[in-house]
Amino acid sequence: MKTQVGIIGGGPSGLLLSQLLHLQGIDNVVLEKHSREYVLGRIRAGVLEHGFAKLMREAQVADRMDREGEIHDGFYIAHDGVKDRVDLKGLTGGNSVVVYGQTEVTRDLYAGRDKLGGIVIHNAEDVQPHDLESDRPWLTYRQGDEIVRIDCDYVIGCDGFHGVSRKSIPKDRITEFERVYPFGWLGVLSRTKPVSPELIYARHERGFALCSLRSQVLSRYYVQVPLTDSVEDWSDDRFWDELRSRLPAEVAGALVTGESIEKSIAPLRSFVAEPMRYGNLFLAGDAAHIVPPTGARGLNSAASDIYYLYHALVDHWPRRLLAQGARPRLERPALLVVDDLAAAPFPRRQRLRPPHPGHRSGLPVLVAVGAQVAGGELRGPAFLGPCAVDWRRQATCRLSPGPRLKSTEPHWTRTFRAAT
Ligand SMILES: Cc1cc2nc3c(=O)[nH]c(=O)nc-3n(C[C@H](O)[C@H](O)[C@H](O)COP(=O)(O)OP(=O)(O)OC[C@H]3O[C@@H](n4cnc5c(N)ncnc54)[C@H](O)[C@@H]3O)c2cc1C
């Protein structure tokens with residue numbers, strides 16, 4: 001198999017990058033070690049910063065998040081029996097956070113990938129990257145008895161802290177900084193009304209506690225526990241008693257308890273590896289850095305990595321296309337009908353406009369030259385070909401230096417039909 005970008009890991013980082021690249025016509029394959037059910041069974045982040053939410057919208061997978069996610073303009077810090085509010089919106093010039101579970105984010109990303117026919121290979125065992133320093137890196141994975149090879153231009157390691165990507169970098173080419181804390185977070189998910197409409201981070205001599213939520217009927221609570229504890233040590237009753245003891249009386253009195261529907265202990269660590277690049281391997285998300293969940297930042301930092309990687313890859317490819325005469329795959333085809341491409345810069349055309357909002361300068365658009373569109377068909381002596389446009393400067397360049405393609409050529413005809 002051959003692809004442009006091989007992504008290791010089908011968590012939020014890998015799926016988000018895959019979706020964004022796909023929308024820009026960049027081929028990619030995601031290799032995920034576990035089944036989809038397993039990935040969706042992990043209960044983790046719940047607080048999305050505005051930058052993450054924006055990226056979900058750009059990836060066209062934000063409808064449910066915008067509908068069901070809760071906008072929070074602030075949170076509380078509880079200490080010494082009182083709670084103080086931090087006005088996020090006021091202090092950041094208008095930014096809020098969206099409370100929407102990571103599980104739901106992942107579910108929406110999977111739905112987005114399925115809708116576009118994205119390739120996510122689950123249960124890919126023993127994924128191994130090869131020749132990362134060459135410009136033709138490749139991946140292998142095992143499926144049953146078969147070893148499958150994927151050739152790619154770039155490998156992106158989105159496989160979390162325990163993944164294989166970072167471990168593939170020679171020790172003398174990467175520096176790791178780590179602090180492991182002597183405690184973990186015991187988390188409980190319960191189908192109960194949250195104790196507070198905004199998150200409460202509680203400091204207490206018995207240890208930290210957090211009152212979080214996923215919706216108005218789904219609460220997520222945490223208490224700090226020694227690393228030596230196991231989930232079996234904590235009955236639901238013991239958990240609720242401990243949580244109450246760490247909250248101001250007024251909050252503890254209002255706490256609605258119920259049966260836990262998920263209970264787990266997350267060890268806490270701070271970790272950074274740098275640089276995040278080795279040859280043609282790039283690390284993103286938890287593969288490169290971990291922050292303790294106290295700051296609700298891990299997923300948001302991952303999204304920031306994806307933002308920069310995605311833009312760098314998109315900026316990179318038109319030049320490669322030009323060099324190779326390759327045909328971009330336009331999954332969300334962008335069509336411009338112009339009078340005469342040869343007579344640059346389009347003397348008789350109207351002002352060029354991006355075919356859809358967010359279409360970045362330099363990305364391929366499909367240009368129908370001298371064409372008339374009638375009844376959804378291209379009529380007249382037209383040629384079709386890929387072209388890059390700088391929307392701001394209204395400048396264009398041909399991406400395919402080879403002979404122009406006739407409108408009857410099957411690939412472009414199909415793409416043209418999809419675009420109109
Ligand atoms: C209790 C808890 C609460 C948190 N709360 C927040 C919060 O409120 N806000 C926030 O921003 N962050 C939070 N985080 C952090 C957040 O969950 C992570 O930062 C986020 O999951 C990182 O996403 P990722 O895709 O980079 O890595 P992961 O989610 O770890 O995904 C990596 C994927 O790679 C796969 N994989 C691993 N090894 C291989 C391999 N060898 N081959 C193929 N696939 C492989 C894994 O199965 C997994 O699906 C929290 C974390 C925890 C534990």
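Two strands pair if DSSP finds at least two bridges between them. By that rule, β17 and strand β20 (residues 289-290) pair in the antiparallel sense over two bridges. Helices (H or I, at least four residues) and strands (E, at least two) are DSSP runs, numbered from the N terminus. This is a predicted model: local features need pLDDT of at least 70, side-chain atom pairs count only at pLDDT 80 or more, and totals for chains, interfaces and linings use all residues. Residues are numbered from 1 along each chain as its sequence is written.

**Strand pairing**
- β13 and strand β17 (residues 260-274) run antiparallel, joined by 13 bridges.
- Arg179 faces Ser270 in β17.
- Val272 stands opposite His289 in β20.

**Ligand shell**
- The ligand has 37 residues around it, and Gly9, Gly11, Gly160, Gly285 and Gly298 come nearest.
- Two or more shell residues come from each of α1 (12-23), β13 (175-190) and α9 (298-324).
- α9 gives the most, with four residues.
- Domain 1 (5-71 + 94-174 + 275-318) and domain 2 (179-268) both give residues to the shell, so the ligand lies between them.
- The domain bounds come from an automatic or database domain assignment.

**Whole chain**
- The protein chain has 10 helices and 27 strands.
- Of its 420 residues, 40% count as buried (20 or more other C-beta atoms within 10 Å of a residue's own, C-beta atoms being placed from the backbone).

Definitions and conventions
Near = placed C-beta within 6 Å. Buried ≥ 20, exposed ≤ 12 C-beta atoms within 10 Å, placed from the backbone.
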